[in-house]
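Here are my notes on the model you sent. Please read them with the structure open beside you.

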Amino acid sequence: MISIVLRKLTEPVEIGGYELPAGVSVAPSIYLVHRNPEIYPEPDRFLPERFLERPPGTYTWIPFGGGVRRCLGASFAQLEMTVVLKELVKRHQIRPAKRRSERVFRRAITETPRHDAEVILGR
Ligand code: HEM
C-alpha cells in the first residue's frame, strides 16, 4: 500500500478554503480517503463486497494515485492480482498463519504487514 502521493504546485491554488502558493508541496492522502467513514462505512473492516453495491469511484478509490502521474502499472497490477488470486482460491483454502493482525511496516515508500502476512494454504 502507498499512503500518499506528492505534488509540487506550479501555480497558486485554493484547496478546501486554503490559499496555497506556487512551489508548495501537497500530499493527497490515499490512506485518509480510503478510511473516510462518509465514503466507506466501517472503514477499518475488510469488506471487498462493498464494491458490489457501489463500484469504486474515480476520486474515492485512489490506490494508484491520479491524474497524469497515475501509476503506470495499475492495469497490469490489477490483471495480475485477478489471475493469481483466482487460481489460488480455486485450488486452496487460505487462512492466516497467525491469529493476531500484524502491525504495518514501512518499506521505502510502501507499507506492508510487518511479517509479510504469512498464510497457510489448505485444500
Ligand atoms: C498494487 C500494485 C501497485 C500500487 C498500489 C501502485 C501504486 C502507485 C502509486 C500510488 C503511484 C503514484 C501515483 C501518483 O503520483 O499519482 C505509482 C506510480 C507508479 N507506478 Fe505503481 N503501483 C502498483 C504497481 C505497479 C506496477 C506493477 C508497476 C510497473 C509494472 C508500477 C509502475 C509505476 C510507475 C512507473 C509509477 C510512476 C508514474 C509517474 O510518476 O508518472 N506500479 N504507483
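1. Terms and provenance. Helices (H or I, at least four residues) and strands (E, at least two) are DSSP runs, numbered from the N terminus. Residue numbers start from 1 along each chain, following the sequence as written. The model is predicted: local features need pLDDT of at least 70, side-chain atom pairs count only at pLDDT 80 or more, and totals for chains, interfaces and linings use all residues.

2. Overall make-up. The chain holds 3 helices and 8 strands. Their order along the sequence is β-β-β-β-α-α-α-β-β-β-β. The radius of gyration is 18 Å, well over the 14 Å from the globule rule for 123 residues, so the chain is more spread out than a compact globule. That radius is taken over C-alpha atoms, and the rule is 2.2 Å times the number of residues to the power 0.38. Along its principal axes, the C-alpha trace spans about 60 × 30 × 30 Å.

3. How much of the chain counts as buried? The figure is 1% of the 123 residues. A residue is buried if 20 or more other C-beta atoms lie within 10 Å of its own, exposed if 12 or fewer, and partly exposed in between, with C-beta atoms placed from the backbone. Take contacts between residues at least 6 apart in sequence: 36% of them join residues at least 24 apart. Contact here requires C-beta atoms, placed from the backbone, to lie within 7 Å.

4. The ligand shell. There are 13 residues around the ligand. Coming nearest are Val5, Gly65, Cys71, Gly73 and Ala77. To be near, a residue needs its C-beta atom, placed from the backbone, within 6 Å of the molecule or strand. The shell divides into 8 nonpolar, 3 polar and 2 charged residues. In this scheme Ala, Val, Leu, Ile, Met, Phe, Trp, Tyr, Cys and Pro are nonpolar, Asp, Glu, Lys and Arg are charged, and the others, Gly among them, are polar.

5. Helix α3. This helix covers residues 74-91, 18 residues in total. From first C-alpha to last it reaches 26 Å, close to the expected 26 Å at 1.5 Å a residue. The expected span is 1.5 Å times one less than the number of residues. Helix α3 is hardly covered, with 0 buried residues among its 18. Val83 belongs to this helix. Val83 counts as exposed because 10 other C-beta atoms lie within 10 Å. Val83 and Arg95 sit 12 residues apart in sequence, and their C-alpha atoms are 19 Å apart.

6. Strands β6 (residues 104-107) and β7 (residues 110-113) run antiparallel and are joined by 4 bridges. Pairing requires DSSP to find at least two bridges between two strands. Val104 stands opposite Pro113 in β7. Arg107 has Thr110 as its bridge partner in β7. The hairpin leaves 2 residues between the strands.

7. Positive phi values. Where does Ala108 lie? Ala108 is in the loop between β6 and β7. Its phi is positive, about 50°, although Ala108 is not a glycine. Ala108 is exposed, with 6 other C-beta atoms within 10 Å. Ala117 lies in the loop between β7 and β8 (119-122). Phi of Ala117 is also positive, near 50°, in a residue other than glycine. Ala117 counts as exposed, with 12 other C-beta atoms within 10 Å.

8. Pro41. This residue lies in the loop between α1 (30-34) and α2 (50-53). Pro41 counts as exposed because it has 10 C-beta neighbours inside 10 Å. Pro41 and Met81 are 40 residues apart along the chain, and 25 Å separates their C-alpha atoms.

Definitions and conventions. Contact = placed C-beta atoms within 7 Å.
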